[in-house]
Amino acid sequence: MLKIYNTLTKNKDVFTSLNKDAATMYCCGPTVYNYAHIGNLRTYIFEDLLVRTLSADMPVKHVMNVTDVGHLTSDADSGEDKMELGAAREGKSAWDIAKFYEGKFFEDFDSLNCKRPTVTARATEHIKEMIALVKKLEEKGYTYKTSDGIYYDTSKFPAYHNLVGRAHIDGLKTGARVDFNDEKRNASDFALWKFSPKDKQRQMQWNSPWGVGFPGWHIECSAMAMKYLGDTLDIHCGGIDHVAIHHTNEIAQAEGATGKKYVRYWVHGEFLIMTSGKMSKSSGGFVTVQTLKEKGYSPLDYRYLCLGAHYRTQLEFSYEALTFARNTRLGLMERIAALKAETDGKIKEEAALNAAKTAFKDAMDDDLNTSKALAVLWDFIKSRAAAADKLDFLKYADGFLGLSLLEEEVQKPLPKEAEEFLAARKEARAKKDFKTSDELRDKLSALGIIVKDTPKGQEWRWK
Ligand code: AMP
Ligand code: ZN
């Protein structure tokens, strides 16, 4: 039975679903104005591990949004809309930007073996639901109007501090985190609906009972989560940065409107950090799945790296750690290839096999303790168990880990640089330039690649 750390109770809680037939889970999705970085993707990997672990016990209805409008450059309702900013940067329409980066996001998501959500919901296709939710809040007296939009009055919602704890919110009152806006009644108040500026033509805007404009960022998640999963959800996930503002505001919106508990288990993943600090475009530390591929890594090497750290601890990214993860994963794949060659397909010791599966699941059920689960896996793979037993165990474990252990052939891709060296070496040998050819052999060797000259031409293998 799954125990999961709940940000709301600050406790590892035993998970039970509200409905017998399925657990309900909502995950905050990408803001599609640029490529996702591997930090964002760490969060989706952890959410995928949770979906897979829960799915071992019951069906899971998993909803994820795609933020294609309304997320401003500051979480505090100021700055520009990220979509319109992306459009200006690339000389495309905001709609094209959203479509393009949503496609890129799902390419990365799939390459990391994250299971597609049951429902993927775009903000721009749920404006009607958002307006209805704001109307409901207005009817109940939670809103007020300023010159730039309709705001939520957080002082009207006494439970506003619950998720994060009062100390933090009191800190907000001094204006530490949120830009101060003269017309706001409280520093923590936030926009539900923003009016389109008079002096600038927005690309994405809609009519509403309050005038032409666009939704505040937080309203989309409450509206779409409740549309697809009901007023009370079992689980809501996201990165740790969302606790103080985005999720706190989601609760205020949903519970203000329905008077019911919005989420039973709030689950948050810690950040991936770069040695240089926060992952951001300006610091040059913006690493994408494409960056990793260009350097010769598989997206699954990154997934393996993430599995080594608990989702509630920060993970510091380095290429050394990624190389280590790659070598470990490839070592595992090689062992699996040998097991496949050796197996007679007959399970030998069912009791020992079941005990290993139970130990593995217990680790995953203990707040997704992936490093412990991997230790159980390696112990069993290194044990004297029969090949068929080990393969059966791996199939079971991979249902949780999502590493394509049994589907993939061992294939360590050649880095781009090495491909270029090999091509240059082939050319040098054709010209009988053996000095250059030997230099290139040394360069390849430094990358871990051995080249051999055979009657058929040069052949290479990993050291
Ligand atoms: P965004 O596309 O900016 O809305 O973020 C998508 C998800 O990535 C959210 O759940 C964020 O909390 C999460 N996130 C952002 N930065 C990081 C990071 N460095 N490490 C892990 N998760 C992150
Ligand atoms: Zn959200």
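I began with Ser-17 and listed its contacts, leaving aside neighbours within four places in sequence, and found Ala-22, Ala-23, Met-58, Asp-234 and Arg-264. I note here that the model is predicted, and I read every entry below with that in mind. I then placed Ser-17 in the chain and found it in the loop that runs between strand E2 (11–14) and strand E3 (23–27). Is Ser-17 buried or exposed? I have it down as buried, because its relative accessible area is 14%, which falls under the 20% that I use as the limit for that word.

Next I turned to ligand 1. Of the 15 residues around the ligand, I noted that Thr-31, Gly-39, Thr-43, Asp-241 and Leu-272 come nearest. Looking at individual atoms, I found a polar side-chain atom of Asp-241 at 2.4 Å from an oxygen atom of ligand 1, whereas Gly-39 has a backbone N or O atom 3.0 Å from a nitrogen atom of the ligand. For Leu-272 I wrote down a backbone N or O atom lying 2.9 Å from a nitrogen atom of ligand 1. As for cover, ligand 1 has 500 Å² of accessible area on its own, and the protein covers 90% of it.

Which elements each supply at least two residues of the shell around ligand 1? I found helix H1 (38–55) and strand E10 (233–239), and the largest share, 4 residues, comes from H1. Sorted by class, the shell holds 4 nonpolar, 9 polar and 2 charged residues.

I then looked at Val-164, which sits in the loop between strand E7 (149–152) and helix H5 (166–173). I class Val-164 as partly exposed, because its relative accessibility is 21%. Between Val-164 and Thr-248 I recorded a C-alpha to C-alpha distance of 7.4 Å, although the two are 84 residues apart in sequence.

Last came helix H10 (residues 319–342), whose 24 residues should span 34 Å at 1.5 Å a residue; I found its end C-alpha atoms 34 Å apart, which agrees. Among the buried residues of H10 I noted Leu-322, Ala-325, Arg-326, Arg-329, Met-333, Ile-336 and Leu-339. Looking for what covers the buried residues of H10, I listed elements that include helix H8 (289–294), helix H9 (299–307), strand E13 (315–317), helix H12 (370–382) and helix H13 (387–401).

Notes
Residues numbered from 1 in each chain as written. Chains lettered and ligands numbered in written order. Predicted model: local features only at pLDDT ≥ 70, side-chain atom pairs only at ≥ 80, totals over all residues. Heavy atoms only, no water. Buried < 20%, exposed > 50% of the residue type's maximum accessible area, 1.4 Å probe, protein only. Contact = heavy atoms within 4.5 Å. Expected span 1.5 Å × (residues − 1). Near = heavy atom within 4 Å. Polar contact = N/O pair within 3.5 Å; in protein donor to acceptor, adjacent residues only side chain to side chain. Areas by Shrake-Rupley, 256 points an atom, 1.4 Å probe, with all protein chains shown as cover. Nonpolar A, V, L, I, M, F, W, Y, C, P; charged D, E, K, R; others polar.
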